[in-house]
Each structure stands twice: as C-alpha cells, then as structure tokens.
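Please look at the sequence and the structure first.

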Amino acid sequence: MVASTESPETSGTAEERRPVVVVQDLHVEYRVFATGKRATEADRGGLLRRAKRTRTVHALKGISFTAYENDSIGVIGSNGSGKSTLMRAITGLTPATRGAIYASSRPSMLGVGAALIKPLSGQRNVILGGLALGFSKAEIEERYEEIVDFAGIRPFIDLPMRTYSSGMTARLKFAIATIRNHEILIVDEALAVGDRKFRKRSEQRIREIRDNAGTVFLVSHSMQSIRDTCNRVIWIEKGELMMDGDPDEVIAAYEETR
Ligand SMILES: Nc1ncnc2c1ncn2[C@@H]1O[C@H](COP(=O)(O)OP(=O)(O)OP(=O)(O)O)[C@@H](O)[C@H]1O
C-alpha cells in the first residue's frame with residue numbers, strides 16, 4: 001500500500017509547519033531468550049545451547065514519517081504490530097537498532113504512575129504526582145480543584161488510592177499527568193479505561209493540548225477515539241508502515257483487512 005509522508009487536513013503546506021518529530025528508516029529488534037530448560041552447572045554445553053535459543057524479534061522494519069506541530073496522530077494496527085515499540089522508541093526508552101529519530105524537544109509518555117503511592121489518599125497523590133511533573137506545591141494547590149473535578153472522584157479523594165477501582169485510578173493519573181503542557185505527548189491506550197463520559201473529557205483534553213501547539217500521538221484500538229481526536233492516522237502492521245494519512249481513509253482500509 002502507498003504510504004504518503006504528508007499530513008492531511010493541515011492549515012498550510014508542510015513547508016509552513018514546523019516538523020517536531022522525524023522518524024527515518026527506523027528498525028527495532030528485540031533479542032529474546034526463548035523459554036527452555038535452564039542451564040545447570042552439570043550442563044556443560046549450557047551456555048552455548050542457551051545462546052542458540054536466543055531469538056530476534058524484528059518489531060519495526062524501516063518506519064519513516066514526519067510529525068508536525070499541531071498534528072494529532074492516531075497510531076493503529078493489530079496486537080503486536082509494533083505500536084508501543086514505536087512510541088517507546090520516540091521517547092527514547094527503546095533504542096533504535098537502525099535508522100534515526102529526531103525530535104525538537106523531549107517527547108513525554110503520558111503518565112505519573114511511578115510517582116504515585118497506593119496506600120496514600122488521592123489528595124496526597126495529586127500533590128506527589130504534581131511534584132513529579134515539576135510543579136511547586138503552590139502551583140499544585142492552584143490546580144488541585146481542577147484535577148479533582150476532571151478526575152471526577154471528589155467523594156473518594158480522602159480515601160487511600162488502593163481502594164480505588166482501576167478506572168478511578170486511571171482517571172486520577174490522566175487528570176494529574178495532563179496538567180502539564182506537553183510539546184510532544186504520547187498517549188498509549190490511556191483512553192481505553194474509564195467510562196464514556198470520562199473518555200469524552202479526556203479526548204477534549206487531548207485536543208486542547210494539540211491546539212496549544214503541541215503534537216500528540218494516540219495509540220488506541222478505539223477507532224472512535226481516534227476519529228474524534230486525530231487529524232492523521234498511521235497504520236502499522238507487522239512492524240511496517242501500511243498507510244499514513246486521513247483518519248477516515250486509513251481506518252477504512254485497516255478495517256477492511258480485519
Ligand atoms: N520487551 C520486549 N522484548 C521482546 N519482544 C518484545 C518486547 N516488547 C515487544 N516485543 C515484541 O515486539 C512486537 C511488537 O510489540 P508491541 O508491543 O510494540 O506491539 P503493539 O502493536 O503495541 O501491540 P498491542 O496492540 O497488543 O499493545 C511483538 O512481536 C512483541 O512480542
């Protein structure tokens with residue numbers, strides 16, 4: 001299938017828009033040990049045999065595209081097609097085996113999960129999460145009400161986070177993580193959790209980030225979320241770029257193969 005490198009539905013030509021992420025012929029290979037009997041000391045040839053059991057998974061096979069300022073790019077593809085690998089490579093968490101990624105500023109993956117502590121109340125966690133994002137205590141206090149309202153968990157904010165349902169936890173994390181303005185934001189399946197009302201609010205927040213001259217990548221299996229949020233869609237299958245373009249066209253082509 002033909003892959004175009006230009007973004008559709010843009011306010012100007014590609015030359016007028018600032019490129020923020022350039023991915024050039026990106027390859028990512030994972031070296032994995034296939035499960036097998038663990039080598040013991042008695043197993044003299046163990047090391048050699050173990051080496052033979054190493055497999056290489058070629059997760060991305062020459063992906064190239066350019067993301068521009070104000071782009072909101074949906075990333076779709078079947079399970080295991082390489083979407084998360086591409087996102088991790090863009091943030092620098094997964095090294096490129098070959099090819100290159102250039103970014104105008106450090107892309108951030110949406111999330112404050114690691115900073116939060118489950119036995120503490122939602123309230124304390126808002127403060128912790130805010131500090132982890134680089135806000136001062138005063139700045140967090142200023143935004144506190146907004147975060148709690150957005151998460152929609154006010155009646156539970158004094159309870160320990162471990163008593164929250166997974167949806168409530170996800171809403172709180174999303175509410176904290178998006179208070180910062182991100183220039184390049186990656187949202188990997190964060191919208192899959194939470195109910196319909198919250199999903200709509202999250203999508204609105206993503207649009208606001210984009211309108212603030214940000215660039216957003218949204219990985220999702222929900223074509224509705226992608227349609228509602230993105231001006232461009234990248235479809236990856238078996239580590240290859242199948243199509244890059246208008247959401248309706250790319251989603252239609254993807255759904256035809258399913
Ligand atoms: N840490 C890892 N070590 C080894 N192989 C990995 C690792 N992470 C991913 N893979 C492999 O790389 C390929 C792409 O995986 P990836 O998680 O990027 O897919 P995905 O499109 O995000 O899938 P999903 O929609 O299921 O989340 C898969 O074959 C997967 O098994």
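Phe217 is in contact with Ile73, Val75, Met87, Ile186 and Val187, leaving aside neighbours within four places in sequence; contact requires C-beta atoms, placed from the backbone, within 7 Å. The model is predicted: local features need pLDDT of at least 70, side-chain atom pairs count only at pLDDT 80 or more, and totals for chains, interfaces and linings use all residues. Residues are numbered from 1 along each chain as its sequence is written.

**Nonpolar core**
- Val75, Val187, Phe217 and Leu218 touch the most other members of the largest nonpolar core, which has 54 residues.
- Helix H5 (residues 166-177) gives the largest share of this core, seven residues.
- Such a core is a set of buried Ala, Val, Leu, Ile, Met, Phe, Trp, Tyr and Cys residues joined through C-beta atoms within 7 Å; buried means that 20 or more other C-beta atoms lie within 10 Å of the residue's own, all placed from the backbone.
- Helices (H or I, at least four residues) and strands (E, at least two) are DSSP runs, numbered from the N terminus.

**Helix H3**
- In helix H3 (residues 122-132), the buried residues are Gly122, Asn125, Val126, Gly129 and Gly130.
- These residues lie on the same side of H3 because they cover an arc of only 135 degrees around the axis, taken from the directions from the helix axis to the C-beta atoms.
- The buried residues of H3 pack against helix H4 (137-151) and H5.

**Ligand**
- Strand E1 (19-33), strand E2 (54-68) and helix H2 (83-91) each supply at least two residues of the shell around the ligand.
- H2 supplies the largest share of that shell, three residues.

Key: A residue is buried if 20 or more other C-beta atoms lie within 10 Å of its own, exposed if 12 or fewer, and partly exposed in between; C-beta atoms are placed from the backbone. Two residues are in contact if their C-beta atoms, placed from the backbone, lie within 7 Å.
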